[in-house]
Amino acid sequence: MVVFFAYLAIWANTDFIAGSHFLFVDERLTFNGVKKILNAKDLPNFLYMIFDGNDHRYGRILWNSMAITSAIPEYFGGESWQIVAGRITQAVILFSAYLVFSSFIIKNQALKIFTLFCLLVIPFSAYYQTLPKTEPKQLLFLSLFFALYQNN
């Protein structure tokens with residue numbers, strides 16, 4: 001099931017990567033913000049883009065986490081690899097949130113597998129694993145909170 005999910009995530013996220021002109025408006029927004037971080041002209045500009053960047057729609061954690069995971073792919077493969085890295089980052093974060101929720105909060109082994117399967121196939125999963133948004137990070141932080149809360 002995990003391998004199948006990973007295969008679908010990679011397959012879905014390598015479509016329309018020829019350049020930023022193919023991107024949906026929401027993805028273009030994050031793409032441009034990450035590109036500004038990765039291609040800053042000097043250190044003061046780089047620090048400004050990390051801490052403020054003139055765009056407060058999604059929060060700096062989205063821009064900075066995507067910039068961290070996209071830096072090396074963008075350096076070696078250009079825009080296309082930056083797009084794929086940003087999308088794959090979202091898919092990994094979403095899957096991690098589902099895994100934490102189903103593994104640490106639910107005690108019954110059969111129910112864990114069933115819950116993970118249900119979370120992977122709900123309709124918004126495909127949307128959030130292919131489009132950079134803040135919700136996967138929120139789900140990860142919430143699932144970590146509930147897992148730690150339950151343990152304490």
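Guide: On a 1 Å grid over the protein atoms alone, a cavity is a set of points where a 1.4 Å probe fits but cannot get out, and lining residues have an atom within 4 Å of a point. Grid points are joined across faces, edges and corners, and a volume is the space filled by probe spheres set on the points. The model shown here is predicted, so local features need pLDDT of at least 70 and side-chain atom pairs pLDDT 80 or more, while totals for chains, interfaces and linings use all residues. Residues are numbered from 1 along each chain as its sequence is written, and side-chain values use heavy atoms, leaving out hydrogens and water.

Visitor: How many cavities of 30 Å³ or more does the structure hold?

Guide: The structure holds one such cavity. The volume of the largest cavity is about 60 Å³.

Visitor: Which residues line the largest cavity?

Guide: Its lining consists of Glu27, Thr30, Phe31, Val34, Met66, Ser70, Gln82, Ile83, Gly86, Arg87 and Pro132. Two or more of the lining residues come from each of α2 (25-38), α4 and α5. Residues are also sorted by class: Ala, Val, Leu, Ile, Met, Phe, Trp, Tyr, Cys and Pro count as nonpolar, Asp, Glu, Lys and Arg as charged, and the others, Gly among them, as polar. The cavity lining divides into five nonpolar, four polar and two charged residues.

Visitor: How many helices and strands are in the protein chain?

Guide: Both are DSSP runs numbered from the N terminus, helices being H or I of at least four residues and strands E of at least two. The protein chain has eight helices and zero strands. Its C-alpha trace spans about 55 × 35 × 25 Å along the principal axes.

Visitor: At what angle do α2 and α4 pack?

Guide: Axes are lines fitted to C-alpha atoms, for helices over the stretch in contact, and angles run from 0 to 180 degrees between N-to-C directions. Angles under 35 degrees count as roughly parallel, over 145 as roughly antiparallel, 65 to 115 as roughly perpendicular and the rest as oblique. For α2 and α4 the angle is about 65 degrees, and their axes lie 9 Å apart. Helix α2 is therefore roughly perpendicular to α4.

Visitor: Which residues of α2 and α4 meet?

Guide: Contact means heavy atoms within 4.5 Å. On the α2 side are Leu29, Thr30, Gly33, Val34, Lys35, Ile37 and Leu38, which meet Arg60, Leu62, Trp63, Asn64, Met66, Ala67, Ser70, Ala71 and Glu74 in α4. This contact has nine nonpolar, four polar and three charged residues.

Visitor: How do α4 and α5 pack?

Guide: Helix α4 (residues 60-77) and helix α5 (residues 79-105) pack at about 140 degrees, with axes 7 Å apart. Helix α4 is therefore oblique to α5. In α4, Leu62, Met66, Thr69, Ser70, Pro73, Glu74, Phe76 and Gly77 meet Glu79, Ser80, Trp81, Gln82, Ala85, Gly86, Thr89 and Gln90 in α5. Six of the contact residues are nonpolar, eight polar and two charged.

Visitor: What is the angle between α5 and α6?

Guide: These helices pack at about 150 degrees, with axes 9 Å apart, and are therefore roughly antiparallel to each other. Phe95, Tyr98, Leu99, Phe101, Ser102 and Ser103 in α5 meet Lys112, Thr115, Leu116, Leu119 and Leu120 in α6. Their contact comprises seven nonpolar, three polar and one charged residue.

Visitor: How much space lies in the largest pocket?

Guide: A pocket is an open set of points with protein on both sides within 12 Å along at least five of seven lines. The largest pocket holds about 210 Å³ of space. Among its 13 lining residues, Phe4, Phe5, Leu8, Leu120 and Gln129 are the closest to its centre. Two or more lining residues come from each of α1 (2-13), α6 (109-121) and α7 (123-128). Helix α1 gives the most, with four residues. The pocket lining has 10 nonpolar, three polar and no charged residues.
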